[in-house]
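The sequence and structure are shown first.

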Amino acid sequence: MQMKSILAGAALALMSTTAAFAGDVRIMWYSDGVEGDVMKDLVGRFMKENPGINVILDNVAYSVIKEQLPVQLEAGNGPDIARVTAIKDLSKHWLDLRPLVKDAKYWDENYGAQADWMRPDGSNQISGFMTQITLTGGFANKTLFEQAGVPLPGPKATWEEWAAASKKVADSQKIFAMAIDRSGHRLTAPLLSYGANYVGKDGKPAPLDKGAKDFMTKFVGWVADGSFSKDVWVSAAGSTYRAAADDFINGQLAFYYSGSWQVANLATKIGNNFDWVATGSPCGPAACTGMPGGAALVAVKYTKNPKEVAAVMDWFAQEKIVKEFSERTLFLPGNKSVVDKGGLDFKTNNAQAKAALTKYVEATKSTSETALKLPGWRWSDTVYAAIVTRVGQTLAGEMKIEDAFARIDADIAQKVKDAGQ
Amino acid sequence: MTSTTTSSHLGALLMAPVNALMRVVDIPLRGLQKSTGIGGMAAFFLAPNMLIFGIFVLLPLFINIVYSTTGGTAFFLSERSFVGTEQYQRLFTCTNYLDPMSCQEDAFWTAVGNTFWFVVLQVALMILVSLVTALILNRDLIGRSFWRAVFFFPVLLSPVVVGLIWKWILQRQGLLNFILYEIGNVTPYTWLTDRNWTFIATIGVSIWAHMGLYTLILLAGLQAIPKDLYEAAEMDGTKPARVFWRITLPLLAPNLLVVVVLALIKAVQIFDEVYVLTGGGPGTSTLYLTQYIYETGFASALRNPGLAAAASILMGLVLVVLTLMQLGLGRKNENKGKR
């Protein structure tokens, strides 16, 4: 009798555990700024409204998303939902939400513009939505420019003009002049402004062109003469990502080239320590473009609970939730209705942050056609990785820039060949 | 007396089910021994261990070899194409092996070169520092146990923690620059972006992190040397240097050999603390073989598990050679001892 009771108890416990697993939705999430806290709050609200679904929010470092998630996905594992930036590259792993969401038309209308960024070429899959649209751009330490008596270059200033002005500030204030994140995506913006075009006629990567070579040569020269900080670029090997935000936050940089996702981070960490402004992207001979991009919340096709996953995605993709998320995180929204209706009331008392966001919204108008295509191009990450690796080696004094050009082309060709095997 | 009897009764009671089980098991085992002999019984008892070894060591090794003969970026073997020795050929396509830039996989040969120099310098310095520390700790110091613990403490730290601690010390706005500035008004230096300093830093940090273990092994060896040998040398008026070369070092040789081989194997595998400390930079100046394999297999934008597997097989061969060397030298020492 006693044995029967024990077995019955164990079976009940097992059943309740299984029942809990059946409604679980695990989200792998990374944060650049305050969005982790906002997301946690929203997840709590979702679970109150949907008591049958248990959402587990795993806050992880960005490197986990970049390096570990792809491996998990290749092995057919991973979370149910993830916030990612390599959206196109991993698109074969995303779940098609079209038959699962409540209103596919709503998704098409509001997220259709970026849908191609996150689905395999040629499909009409709904994989998820952009939690934020980003644009690369610069930030200047206004206080340091003023202290140095150097006027801030105007809105159409070129990279050369910014480099010269920042160098003057750096020499006067004993700081670093400029820095750009160690990222192929970031470096691509000035390359495009110099006329680069990565995409060949066959849709595959083209060899580096004059525009790309021109800026890379200038960039290496600027690092050599101290106009650009080399610390971030030589602080790792391979294609490892490194941000230079801390140097800017610590008042060690006159000009920092990163992107709109840094606004909340800078506003929170700089506070009243100094005045800073968003500058948009400096100009080159061909354009004054930044690189669009962003992070997407995507459903993973290896989930055991696709219905619950779709319910979560539907809830978070609602216009009112996206609006609230954007206002609280200071991110540019990816929902068309939210953008069209406008009236976003960014929740910050920081006037500099508000001005920076306005500047980024303005800057989207000067984004080049090529830049708009790259987030949905399959080979973007391959090109970015090759550029970062070889430019990093050049800056560390391991090869000449001409050799780096040859290596970048060879690396990309090899990767294309590997992918075809 | 009564309590002894009670406890022996209790023991017998507790052992009763075990004994019963033994008697049950004994029957098939006797049968097995009759049919297979003593050798068969040894194999039978070793089987569980060999099974675990097979699943967790031999099977992954076999799978790794298979991977190294396939191409593509997929992880599932069924989705990968057979390419034969192409990955190995790619690794060995080189005009001049001493100039990595002349090789198709320049990062691999850079990593091989870096690892070679790291192993040579780190192991030599590790032995020297560990030996000197062991000799000092073997003396009658005040608070000897405390000092032993101090030197052993870093061994207990996770390699990631070691990397982070030293990163905070060596970075531009780190502790070292702060101290140098406070003491001598020295301009902050970027230790971790200077190729030479970074290489030296990786050697120094790995010695700091691992020397405690080797010091302990050598200390055990020093304490096993009979004291009367030193007393006799002292009575003969032998100079300390001669005592060291003629008594300490020869008698410490077996321990030194263990330390050398362990340090060699550990140095070839260097990864975690360096990855956290320098990320392999500046450029590729501290890119070592394990990091190359990790990045090629898992971290790069378009992974190549086949190439990473081929590189890891080659690295495995080096480790096999080092292990055989250890076994060979160990046996040689044993035979010497017997003579």
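## Packing of H2(A) and H12(A)

In chain A, H2(A) packs against helix H12 (residues 306–316) at an angle of about 120°, and their axes are 11 Å apart. Axes here are lines fitted to C-alpha atoms, for helices over the stretch in contact, with angles running from 0 to 180 degrees between N-to-C directions. Helices (H or I, at least four residues) and strands (E, at least two) are DSSP runs numbered from the N terminus. H2(A) and H12(A) are therefore oblique to each other; angles under 35 degrees count as roughly parallel, over 145 as roughly antiparallel, 65 to 115 as roughly perpendicular and the rest as oblique. Their crossing is right-handed, a term used if the near helix is turned clockwise from the far one by less than a right angle.

From H2(A), the contact involves Met39(A), Leu42(A), Val43(A), Arg45(A), Phe46(A) and Glu49(A), while H12(A) contributes Ala311(A), Val312(A), Trp315(A) and Phe316(A). Contact means heavy atoms within 4.5 Å. These residues divide into 8 nonpolar, no polar and 2 charged. In this classification Ala, Val, Leu, Ile, Met, Phe, Trp, Tyr, Cys and Pro count as nonpolar, Asp, Glu, Lys and Arg as charged, and the others, Gly among them, as polar.

## Basis of the model

This is a predicted model, in which local features need pLDDT of at least 70 and side-chain atom pairs count only at pLDDT 80 or more, whereas totals for chains, interfaces and linings use all residues. Residues are numbered from 1 along each chain as its sequence is written, chains are lettered from A and ligands numbered from 1 in the order in which they are written, and side-chain values use heavy atoms, with hydrogens and water left out.

## Packing of H8(A) and H18(A)

The axes of helix H8 (residues 210–224) and helix H18 (residues 401–420), both of chain A, come within 10 Å and cross at roughly 135°. That makes H8(A) oblique to H18(A). The crossing of H8(A) past H18(A) is right-handed.

Lys213(A), Met216(A), Thr217(A) and Val220(A) of H8(A) meet Ile401(A), Phe405(A) and Ile408(A) of H18(A). By class, this contact has 5 nonpolar, 1 polar and 1 charged residues.

## Cavities

On a 1 Å grid over the protein atoms alone, a cavity is a set of points where a 1.4 Å probe fits but cannot get out, and a pocket is an open set with protein on both sides within 12 Å along at least five of seven lines; lining residues have an atom within 4 Å of a point. Grid points are joined across faces, edges and corners, and a volume is the space filled by probe spheres set on the points. The count comes to 4 cavities of 30 Å³ or more.

The largest cavity holds about 90 Å³ of space. Its lining includes Trp29(A), Met39(A), Leu42(A), Phe129(A) and Phe316(A). Helix H2 (35–49), strand S4 (128–141) and helix H13 (319–329) of chain A each supply at least two lining residues. The lining has 10 nonpolar, 1 polar and no charged residues.

## Second largest pocket

The second largest pocket has a volume of about 740 Å³. Of its 17 lining residues, Asn138(B), Arg139(B), Tyr230(B), Val243(B) and Thr248(B) lie nearest its centre. H8(B) gives the largest share of the lining, 5 residues. By class, the lining has 7 nonpolar, 4 polar and 6 charged residues.

## Backbone features

The peptide bond from Gly281(B) to Pro282(B) is cis, with omega near 0°. Pro282(B) is in the loop between helix H10 (272–277) and helix H11 (289–299) of chain B.
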